[in-house]
Amino acid sequence: MRLGLLSLLIFLPLLGALIVAVLPAEEERGGRKAKAASLFISLVELVLALTLWARFRPGQGFQMVEEARWVGLWGARYVVGVDGISLPLVVLTAILVPLGILGSWGIKNAKGFCLVMLVLEAGMLGVFLALDLLLFYVFWEGMLFPMYFLIGAWGYERRIYAAVKFFLYTLLGGVIMLVGIIALYFLHLKATGVGTFDLRELLSFTPARAAQLWLFAAFLAAFAIKVPIFPLHTWLPDAHTEAPTAGSVLLAGILLKMGVYGLLRFNLTLFPEAARTFRPILALLGLVGILYGGAVSAMQQDLKRLVAYSSVAHMGYSVLGVALATALSLEGAYFVLIAHGLATGTLFFLVGMLYERKHTRLIADYGGVAGALPVLSGFFLMAALASLGLPGLANFVGEVLVILGTYRVEPALAVGAAFGVLLAAVYMLWAYERVFHGPLRHPEDAGLADASLRERVVVVPLLILLLILGFFPRLVLDRAGPSLETVRERVGLARVEAGPAGGIGLGLEAGE
């Protein structure tokens, strides 16, 4: 097989990890060289991802597909490809990884950290590009190991507990999904005489409704934990709080997105009848996540934990939009993935920068520090405004599209989702006011150093992207839109958008 652009994207970080592994072990030499090498490799990845973006042609299905023999006995093949659903997430991954490395420049045992980051990047990109279900599973579970080590080795006081909890939760969901993948393989084999894990071939095969329900549930187990959908979210606050800054950024910016990506790529397209059956349950759970995440965020005293719980709320919009699958809600749900990755990633970077200065994340330990940290406070304000959905910034577009799309079929759910925007304003602005404004609570904070050049290089690109996408959302939606419309056609919910004439009543009458 000739190595193409997609394979290069996946395997170049692994090659970079091998290079880092053979660098000198001494911290003084190996740490500096490891950081430079890993940053260079990750920037090359970004260039490759932008090349992929430029070469992509919307509306043409899976593109740049690469295939090779893998496990021939089982019909499993190495198949990778990109479409409008995977492309923006690939680029988002390529953006956040080098920023994560640059934002962690002073981390201890830099060589091991950089090696783990590069292996994690390969796994994340593999998840978004794999078109063979068994290959997808390998990447899905494979990326758990570097994230486990990232939390367990470079996290905070309760890092081992958080790492084990994250690993066990997500591993369990993945194993259940594997059972579903194998069952789907044998169902296809029985019906056609051909055993395959190729997504493109499986799209032409529709299992019986009863089988679809079980298969949908098996795949949902993995994706619901990863999102995470309430009440399977309990691993998330611990993992976010105890992870190092780069770990939190990639958890929020990429790994959570894989859950919604899986729902779009597999659940809705492979099991359309089951998707219509599960639709009201997922919609309600999405709304519960929005309101629960917002309410719990408002009660947090730990700034990082507040941002972590806000992810539960924001991802609730994506779940709600995907569940209802109207044209507007589906585009909004997808756009939330990108906007949330940028905004929450920025917030985690900023919380990490504050921690480096005071070695505390408790809101009560701050107060009035805007005078000493004018640039950081300005950065934090813009990221907070993006997170709460201020018009002109990216999150506003996604959440409004979800709310409008939801209103077309279920006005009551739309009202609840709109209330979630109000909750976001409450907890974000209240936290910002307590940390940065008012009288200086601790006189020694007057000597805190403001944002360094390196820190500005990390944060400013993310803020610029939030602003650009807030005004030009079609940059993402024009590429993702045709693929999302294909999902809608597959799941058969196009007629849902007749208008709010009674809604779905949580019984799907308008959608069937």
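This is a predicted model: local features need pLDDT of at least 70, side-chain atom pairs count only at pLDDT 80 or more; totals for chains, interfaces and linings use all residues.
How do the axes of helix H15 and helix H18 cross, and within what distance do they come?

1. Residues are numbered from 1 along each chain as its sequence is written, and side-chain values use heavy atoms, with hydrogens and water left out.

2. The axes of H15 (residues 374-388) and H18 (residues 453-471) come within 11 Å and cross at roughly 35 degrees (axes are lines fitted to C-alpha atoms, for helices over the stretch in contact, and angles run from 0 to 180 degrees between N-to-C directions). The crossing of H15 with H18 is left-handed, a term used if the near helix is turned anticlockwise from the far one by less than a right angle.

3. On the H15 side the contact is made by Val375, Phe379, Met382, Ala383 and Ala386, and on the H18 side by Arg456, Val459, Val460, Leu463, Leu466 and Leu467, where contact means heavy atoms within 4.5 Å. By class, the residues of this contact are 10 nonpolar, no polar and one charged (Ala, Val, Leu, Ile, Met, Phe, Trp, Tyr, Cys and Pro count as nonpolar, Asp, Glu, Lys and Arg as charged, and the others, Gly among them, as polar).

4. The secondary structure of the chain comes to 19 helices and two strands, both being DSSP runs numbered from the N terminus (helices are H or I with at least four residues, strands are E with at least two). The radius of gyration is 22 Å, close to the 24 Å that the globule rule gives for 512 residues, so the chain is as compact as a globular protein of that length (the radius is taken over C-alpha atoms, and the rule is 2.2 Å times the number of residues to the power 0.38). Along the principal axes, the C-alpha atoms fill a box of roughly 70 × 60 × 40 Å.

5. The largest pocket has a volume of about 480 Å³; on a 1 Å grid over the protein atoms alone, a pocket is an open set of points with protein on both sides within 12 Å along at least five of seven lines, a cavity is a set where a 1.4 Å probe fits but cannot get out, and lining residues have an atom within 4 Å of a point. Of the 18 residues that line this pocket, Gly106, Ile107, Lys108, Trp154 and Tyr156 are the closest to its centre. Helix H6 (144-154) and helix H14 (327-358) each supply at least two lining residues, and H14 gives the most, with three. The lining of the largest pocket has seven nonpolar, seven polar and four charged residues.

6. The structure also holds three cavities of 30 Å³ or more, and the largest cavity has a volume of about 60 Å³, a volume being the space filled by probe spheres set on grid points that are joined across faces, edges and corners. Among the residues lining the largest cavity are Gly103, Phe349, Glu356 and Arg454. The largest share of this lining, four residues, comes from H14.

7. Two cis peptide bonds deserve a look: the bond from Val227 to Pro228 has omega near -10 degrees, and the bond from Phe230 to Pro231 has omega near 5 degrees. Pro228 lies in the loop between helix H9 (209-226) and helix H10 (235-242), and Pro231 is also found in the loop between H9 and H10.
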